[in-house]
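Please look over the sequence and the 3D view below. A short report follows them.

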Amino acid sequence: QEQLVESGGGLVQPGGSLRLSCAASEFPLDYYAIGWFRQAPGKEREGVSCTSSSFGSSTYYADSVKGRFTISRDNAKNTVYLQMNSLKPEDTAVYYCAAYTWGVATVQAMCASVDGFDYWGQGTLVTVSA
């Protein structure tokens, strides 16, 4: 059963920007480390960015998005965002957010695998094309 809801995907030209949102209605996201993953056709799901719970301040970005993507929280709205700038065609994928439930780990370790993320959204499609 889906616990998280992503939104904000769409079609954008190379160099453009999108902001993805990850919202939950049944549990407080600030208690959980959150990851953004993406899956392109024919490829495995990969970690894009992860952030610790609101009790910490760590963030991680995959090398492919570092300097272009920013993960952030709005606890009042129970929402986590992924701001994506300078988008490239290779960023085209379905983007998922997920909540990490397997105790304590570094954000880099979390993002290395889908293991430990028990709550997922349905995904939102991002297409970068001219």
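This is a predicted model: local features need pLDDT of at least 70, side-chain atom pairs count only at pLDDT 80 or more; totals for chains, interfaces and linings use all residues.

Residues are numbered from 1 along each chain as its sequence is written, and side-chain values use heavy atoms, with hydrogens and water left out.

Start with strand S4, residues 33-39. Strands (E, at least two residues) and helices (H or I, at least four) are DSSP runs, numbered from the N terminus. Six of the seven residues of S4 are buried, so the strand is largely enclosed by the rest of the structure. Buried means under 20% relative accessible area, exposed means over 50%, and partly exposed lies in between (1.4 Å probe, protein chains only).

S4 pairs with strand S9, residues 93-100, in the antiparallel sense. Two strands pair if DSSP finds at least two bridges between them. Here there are seven bridges. Ala33 has Tyr100 of S9 as its bridge partner. Phe37 has Tyr96 of S9 as its bridge partner.

S4 also pairs with strand S5, residues 46-51. This pairing is antiparallel too, over five bridges. Phe37 stands opposite Gly47 in S5. S4 and S5 form a hairpin with six residues between them. In the turn, Gly42 has a positive phi of about 80°.

In a regular strand the side chains alternate between the two faces of the sheet.

**Strand S9**

S9 is mostly covered, with seven of its eight residues buried. Besides its bridges to S4, S9 pairs with strand S11, residues 124-128, in the antiparallel sense over three bridges. Tyr95 has Thr124 of S11 as its bridge partner. S9 pairs with strand S10, residues 117-120, in the antiparallel sense over three bridges as well. There, Ala99 stands opposite Tyr119.

**Disulfides**

How many disulfides does the structure hold? There are two. A disulfide is a pair of cysteine sulfur atoms within 2.5 Å. The table lists them.

| Cysteines | S to S distance | S-S torsion |
|---|---|---|
| Cys22 and Cys97 | 2.1 Å | about 75° |
| Cys50 and Cys111 | 2.0 Å | 105° |

The torsion of Cys22 and Cys97 is about 75°, so this disulfide is right-handed. Cys22 lies in strand S3 (residues 18-24) and Cys97 in strand S9, so the pair ties together parts that are 75 residues apart in sequence. Cys22 is buried, with a relative accessible area of 0%. Cys97 is buried, also at 0%.

The link of Cys50 and Cys111 is right-handed, with 105° about the S-S bond. Cys50 lies in strand S5 and Cys111 in helix H1 (residues 107-111), so the pair ties together parts that are 61 residues apart in sequence. Cys50 and Cys111 are buried.

Counting bonded cysteines along the chain, the disulfides follow the pattern 1-3, 2-4.

**A loop residue**

Where does Ser64 sit? Ser64 is in the loop between strand S6 (59-61) and strand S7 (69-74). Is Ser64 buried or partly exposed? Ser64 is partly exposed, with a relative accessible area of 38%. Ser64 and Ala130 are 66 residues apart along the chain, and their C-alpha atoms are separated by 20 Å.
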